[in-house]
Amino acid sequence: MKIHSFKTNESGLNRFFGPLEAKIMHILWNGPEMAIKDVQARLVKEQAINFNTVMTVMNRLVDKGVLRKRAEGRVSLFQPTQSLEQFLETQSKELTNDLLEEFGPLVVNHMLDALEEADPALLEQLEQKIQALKKER
């Protein structure tokens, strides 16, 4: 599953989702499988929100492949198709591949420039990854 709009002017999950989508995903990533009314009840604690609005957004997230929906009696239960960590891994990989495909060496240079401020542990990981790639060739 690939999120098609990455918003550089946002932060966190809002880079991938609209504000309500991000709140819903945050709720579902931090809890068990839930019905729409349970998600709405958590959202209402912050601001009043209509049940039908929550239902529409959750069903759109199912259509996008981010949520899974299953029926239990007359209630539909929703849960993410991936953990938050898996989602971020998938999306960051897609974004990196898209950037490399479109901008090639420029992206690599900018990433290397950003490493000047990187944690030494990250630099060590990068060095190990480069060594492994060299051995494969």
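**Pocket linings in a predicted model**

Me: By class, how many charged residues has the lining of the second largest pocket?
Reply: That lining has 4 nonpolar and 2 polar residues (nonpolar: Ala, Val, Leu, Ile, Met, Phe, Trp, Tyr, Cys, Pro; charged: Asp, Glu, Lys, Arg; polar: the others, Gly among them). The model is predicted, with local features needing pLDDT of at least 70, side-chain atom pairs 80 or more, and totals for chains, interfaces and linings using all residues. Numbering runs from 1 along each chain as its sequence is written, and side-chain values use heavy atoms, without hydrogens and water. The charged count is none.

Me: Which element gives the most to the lining of the second largest pocket?
Reply: Ser92, Leu95, Thr96, Leu99, Val107 and Met111 line this pocket (an open set of 1 Å grid points over the protein atoms alone, with protein on both sides within 12 Å along at least five of seven lines; lining means an atom within 4 Å of a point). H4 and H5 each give two or more of these residues (helices are DSSP runs of H or I, at least four residues, numbered from the N terminus). With 4 residues, the most comes from H4.

Me: Where does the largest share of the lining of the largest pocket come from?
Reply: The lining has 15 residues, with Thr96, Met111, Leu122, Leu126 and Lys129 nearest the pocket's centre. H4 (84–103), H5 (105–114) and H6 (120–136) each supply at least two lining residues. The largest share, 5 residues, comes from H4.

Me: How many residues of the largest pocket's lining are nonpolar?
Reply: Of that lining, 3 residues are polar and 3 are charged. The nonpolar residues number 9.

How values were computed: 1 Å grid on protein atoms, 1.4 Å probe; cavity = no way out; pocket = protein on both sides within 12 Å on 5 of 7 lines; lining within 4 Å.
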